[in-house]
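User: Hey, I've got a protein open on my screen and I'm a bit lost. Can you walk me through it?

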Amino acid sequence: PFEVSVQVDGAALLSGDPARVRQEQDRVVADITARVAAQAPGRHAAIVFAYGSSERAADGDRMAALITERLTSGAFQGTLMKAYHELVAGDRGTSISFEIYFDG
C-alpha cells in the first residue's frame, strides 16, 4: 500500500461547528489529494483505510470518517473507504494515517 499520514486539528473536526469541520475537511482532503497526485500520478485508489489517532476510539473513528466522507473525487472517485481508529495514549486527535491500495 501507499502509506501517508496527515496532521489534523482533531478539535476542529470534532467541534460540531459545521463551518470549522468543513474547513478542516477541505484542508486535509486537499493535502492527501496533492500527495497522491505527486507520488502516484494517474493512479486510482481502489481501497482506502484511514486511521484517526486519538486516546478515545470513538474520536479516532469519527475523525477518519469525517475525512473519508469528503474524499470522493479525482483519484478517489468510487473508492471503497473504511474509517478506523488508532489508539494513542494522550493523543487528542493529531493525525490521520492512510493506507491506499490502487487499482491494477
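Predicted model: local features only at pLDDT ≥ 70, side-chain atom pairs only at ≥ 80, totals over all residues.

User: What about the overall size, what radius of gyration does it have?

Analyst: The protein has 13 Å, and that agrees with a compact globule of 104 residues, which would have a value near 13 Å. Along the principal axes, the C-alpha atoms fill a box of roughly 40 × 25 × 20 Å.

User: And how much of the protein is buried?

Analyst: Buried residues make up 37% of the 104 residues.

User: Which residues have the most contacts inside the largest nonpolar core?

Analyst: That core has 25 residues, and the ones with the most contacts inside it are I32, F76, I96, F98 and I100. Two or more residues each come from β1 (2–7), α2 (18–39), β2 (45–54), α3 (57–68) and β4 (95–102). The element that gives the most is α2, with five residues.

User: Why would nonpolar side chains end up together like that?

Analyst: In soluble globular proteins, nonpolar side chains tend to be buried together.

User: Let me click on I100. What does I100 touch?

Analyst: Not counting residues up to four places away in sequence, I100 touches P1, F2, I32, V36, A45, I47, V48 and F76.

User: Switching to α3. How many residues does α3 have?

Analyst: Twelve, and α3 reaches 17 Å from its first C-alpha to its last, close to the 16 Å expected at 1.5 Å a residue. The buried residues in α3 are G60, M63, A64, L66, I67 and T68. They pack against α1 (10–13), α2, β2, β3 (80–87) and β4.

User: What polar atom lies 3.3 Å from the side chain of T68?

Analyst: The backbone oxygen of A65 lies 3.3 Å from a polar atom of that T68 side chain. Beyond its neighbours within four places in sequence, T68 is in contact with A50, M81 and A83.

User: New topic: rings. How many aromatic pairs does a search of the whole structure find?

Analyst: Four. One of them is F2 with F102, a tilted pair at 6.1 Å centre to centre with 55° between the planes. That pair links distant parts of the chain, since F2 is in strand β1 and F102 is in strand β4, 100 residues apart. Both F2 and F102 are buried.

Analyst: Another pair is F49 with Y84: the ring centres are 6.1 Å apart and the planes sit at 40°, so this pair is tilted. F49 is in strand β2 and Y84 is in strand β3, 35 residues apart, and the pair links distant parts of the chain.

User: Are F49 and Y84 buried or partly exposed?

Analyst: Partly exposed: F49 has a relative accessible area of 21%, and Y84 has 35%. F49 and Y84 also belong to one aromatic cluster with Y51 and Y101.

User: Last one. What joins the side chains of H85 and D61?

Analyst: A polar contact of 2.8 Å. H85 lies in strand β3, and it is partly exposed, with a relative accessible area of 31%. Apart from neighbours within four places in sequence, H85 is in contact with Y51, G52, A57, G60 and D61.

User: How far apart are H85 and G52 in sequence and in space?

Analyst: They are 33 residues apart in sequence and 4.7 Å apart in space, C-alpha to C-alpha.

Notes: Residues numbered from 1 in each chain as written. Heavy atoms only, no water. Core = buried A, V, L, I, M, F, W, Y, C linked by side-chain atoms within 4.5 Å. Buried < 20%, exposed > 50% of the residue type's maximum accessible area, 1.4 Å probe, protein only. Helix = DSSP H or I, 4+ residues; strand = E, 2+ residues; numbered from the N terminus. Contact = heavy atoms within 4.5 Å. Expected span 1.5 Å × (residues − 1). Polar contact = N/O pair within 3.5 Å; in protein donor to acceptor, adjacent residues only side chain to side chain. Phe/Tyr/Trp six-rings, centres within 6.5 Å; stacked < 30°, edge-to-face > 60°. Rg over C-alpha atoms; globule rule 2.2 N^0.38 Å.
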